[in-house]
Amino acid sequence: KFAADNGADVINLSIGGGHSRRLYESIKYASDLGSVVVMASGNSGFEMPTFPAIYSMNYGISVGAVDINNNMASFSNRSGNYFLDYVTAPGVNIFSTVPNDGYAFYSGTSMATPHVAGIAALLKSYDKVLTPKEIENLIIGSGSNNNYYDFESYSIQNNFDVLEILTSYEEDM
């Protein structure tokens, strides 16, 4: 709520945990105020996102992880059989900062989520009047393999494409 109250256009939730009515209400509150809430789907290899990403059934967008070849990461929670806002992004061997001015490689949906948060921020900076739902739809609609089930990796592939998002937006205007 603090971030939303202070004008955050995008909120990255690279966290996990159990169901929390307070967190659900905070995500709803932030979305209603105009923040795009981007959530890590979880690293248990489940067929559906864990909390809080499962809340993307109603608010925000959940993010799974793929490797450099766009293959679903074995640890990444998938979208499941529910209608929710879900997309994948690079989340395997991501070079990131660590404490004490260092760098290291990490894997996880928490590494994938900032990629999508960055796209949401880019879209919001491009057009300040875009709603969270419009931004989520632009990101999800750009999936390079929307509705494609990969029988080799047993996963639904839906990775965003930045140029397609911006081109699609331009064409709609």
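How many residues sit between β5 and β6 in their hairpin, and which residue in the turn has a positive phi? There are 3 residues between the two strands, and N100 is the turn residue with a positive phi, about 70 degrees. What you're looking at is a predicted model, in which local features need pLDDT of at least 70, side-chain atom pairs count only at pLDDT 80 or more, and totals for chains, interfaces and linings use all residues. Residues are numbered from 1 along each chain as its sequence is written, and side-chain values use heavy atoms, with hydrogens and water left out.

**The chain overall**

- The protein chain has 5 helices and 8 strands, where helices (H or I, at least four residues) and strands (E, at least two) are DSSP runs numbered from the N terminus.
- Reading from the N terminus, the order of elements is α-β-α-β-β-β-β-β-α-α-β-β-α.
- Of the 173 residues in the protein chain, 44% are buried; buried means under 20% relative accessible area, exposed over 50%, and partly exposed in between (1.4 Å probe, protein chains only).
- Take the contacts (heavy atoms within 4.5 Å) in the protein chain between residues at least 6 apart in sequence: 63% of them join residues at least 24 apart.

**The parallel sheet**

- Four strands make an open sheet in the order β1-β2-β3-β4, with parallel pairing; two strands pair if DSSP finds at least two bridges between them.
- The edges belong to β1 (10-13) and β4, and each has a single partner strand, so one side of each has no neighbour in the sheet.
- On average, neighbouring strands of this sheet are turned by 30 degrees against each other, direction ignored.
- Inside the sheet, 3 bridges join β2 to β3, and the two run parallel.
- M39 stands opposite S62 in β3.
- Helix α3 lies across β1, β2, β3 and β4, running at about 125 degrees to β3; axes are lines fitted to C-alpha atoms, for helices over the stretch in contact, and angles run from 0 to 180 degrees between N-to-C directions.

**The hairpin and its turn**

- β5 (residues 94-98) and β6 (residues 102-106) run antiparallel and are joined by 5 bridges.
- V98 has G102 of β6 opposite.
- D101, in the loop between β5 and β6, also has a positive phi, near 60 degrees, in a residue other than glycine.
- D101 is exposed as well, with a relative accessible area of 79%.
- N93 lies in the loop between β4 and β5, and its phi is positive too, near 55 degrees.
- At 51% relative accessibility, N93 counts as exposed.

**How α3 and α4 pack**

- Helix α3 (residues 109-126) packs against helix α4 (residues 132-141) at an angle of about 120 degrees, their axes 10 Å apart.
- That angle makes α3 oblique to α4: under 35 degrees counts as roughly parallel, over 145 as roughly antiparallel, 65 to 115 as roughly perpendicular, and the rest as oblique.
- On the α3 side V116, I119, A120, L123 and K124 make the contact, and on the α4 side I135, L138 and I139 do.

- D5 is in helix α1 (residues 2-5) and is partly exposed, with a relative accessible area of 48%.
- Setting aside neighbours within four places in sequence, D5 is in contact with Y29 and L33.
- D85 belongs to the loop between β3 (61-66) and β4 (86-90), and D85 is buried, with a relative accessible area of 5%.
- Again leaving out neighbours within four places in sequence, D85 is in contact with S56, G60, I61, S62, K133, E136 and I140.
- The peptide bond from F51 to P52 is cis, with omega near 5 degrees, and P52 lies in the loop between β2 (36-40) and β3.
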